[in-house]
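Have the model open beside you and try each task before you look at its solution.

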Amino acid sequence: MSSSSSQRSRLRRQIAFQAAQLMYRREETEYYRAKMKAARSIARGWIRPADLPTNAEIRDEVQLLARVIEGASRADNLRQMRIDALRMMQWLQRYHPRLIGSVLTGHVRSGSDIDLHLFSDSLQAILGELADHGLDAELVVKQVTKDGANRTFRHLIVQDTFRFELTVYPESTRNEIQKSSITGRAIERASIAELRQFLQQEYADLATGAELDAALEASAVRPDRYQVFLSLLLPLENVRQDARWHPEGDALYHSLQVFDLACDAVPYDEEFLLAALLHDVGKAVDAQNHVAAGLEAVAEFVTERTAWLIENHMLAHQLHDRTIGARARRRLEQNEWFDDLELLGQCDRNGRV
């Protein structure tokens, strides 16, 4: 490869990586805008179209970032999102639902929506169906101009265990939109039957219809983790703290300050933000051993990384004060999340105003 070709290849990779960072952090949501913003930042001038990465190249970089940052929790979330998608589709089967996008293809990252297409001439009927299952929906109408034509898209945003975006098309367009079902290696859209078959092939523990139905039933009764977090946080308002160490007052006010500081530091890192928000919830359960009590309360609803940060957040202060033993320090320093723990300790100390 010539020197100029090598430089162009390196430039293309740099643009793809920076564009992926913009999309992972949700500073940009469209591939074109992300790649152009990255290109302007890196090249600082005109750049040949041939040196711009493809959408697929950026998507692959986003997935690498997701695997590095989210670790094993990504695969677990993807599996649960697919099960939840099938549950919602079965609830809305009258409207010929199709699963599309990243949950189907596997290209999810923290905060990804579950995208469904529905076909109906009545939004009220769909809203009524959702209400029957205890779900509210927000209507978002978008006007899009493409190839000189104006189109109106209606989206219903539903916050369940995961966030759903339900795009509602007129019934008359169903056959036209569903003509193509396979693009490349990934299924572009999946019906209820196709998604059931896909899940049974993809996951060994869902291989039989009975196993899949059991997972769907468990999904339907699983509590919304954010409601669990809220129920743990609210009692902290009545937990008064020693004014020598916490002049800000109650434990809820402290927790919200720590969370706010974490949002400023790493706004895209959900696992860290949850550790900041929930680190003291155990104080309303067992003030004498709030770390263990808090861990037990959130264990089912947080990742290993979030749990480790909560478990060790008191040691972060000993690290800062240099009162921790040498063996304990080495144990913490050897952990891949050591820098995160130090940042959590900093937020915890500063959240006392």
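**Exercise 1.** This is a predicted model. Find the volume of the second largest pocket, then describe which parts of the chain line that pocket.

*Solution.* 

Step 1. Start with the volume: the second largest pocket has about 1,200 Å³.

Step 2. Next, trace the lining back to helices. Among the elements that give two or more residues to it are helix 3 (55–70), helix 4 (72–91), helix 10 (225–233) and helix 17 (338–350). Helix 4 provides the largest share, with seven residues.

Step 3. Finally, sort the lining residues by class: 17 are nonpolar, 10 are polar and 16 are charged.

**Exercise 2.** Locate His313 in its helix, decide whether His313 is buried or exposed, and name the side chains that make polar contacts with its side chain.

*Solution.* 

Step 1. His313 belongs to helix 15, which covers residues 313–321.

Step 2. Check the accessibility. The relative accessibility of His313 is 1%. Buried means under 20%, so His313 counts as buried.

Step 3. Look for polar partners. The His313 side chain has a polar contact of 3.4 Å with the side chain of Asp280, and one of 3.4 Å with the side chain of His290.

Notes: Residues numbered from 1 in each chain as written. Predicted model: local features only at pLDDT ≥ 70, side-chain atom pairs only at ≥ 80, totals over all residues. Heavy atoms only, no water. Helix = DSSP H or I, 4+ residues; strand = E, 2+ residues; numbered from the N terminus. Buried < 20%, exposed > 50% of the residue type's maximum accessible area, 1.4 Å probe, protein only. Polar contact = N/O pair within 3.5 Å; in protein donor to acceptor, adjacent residues only side chain to side chain. 1 Å grid on protein atoms, 1.4 Å probe; cavity = no way out; pocket = protein on both sides within 12 Å on 5 of 7 lines; lining within 4 Å. Points joined across faces, edges and corners; volume = space filled by probe spheres on them. Nonpolar A, V, L, I, M, F, W, Y, C, P; charged D, E, K, R; others polar.
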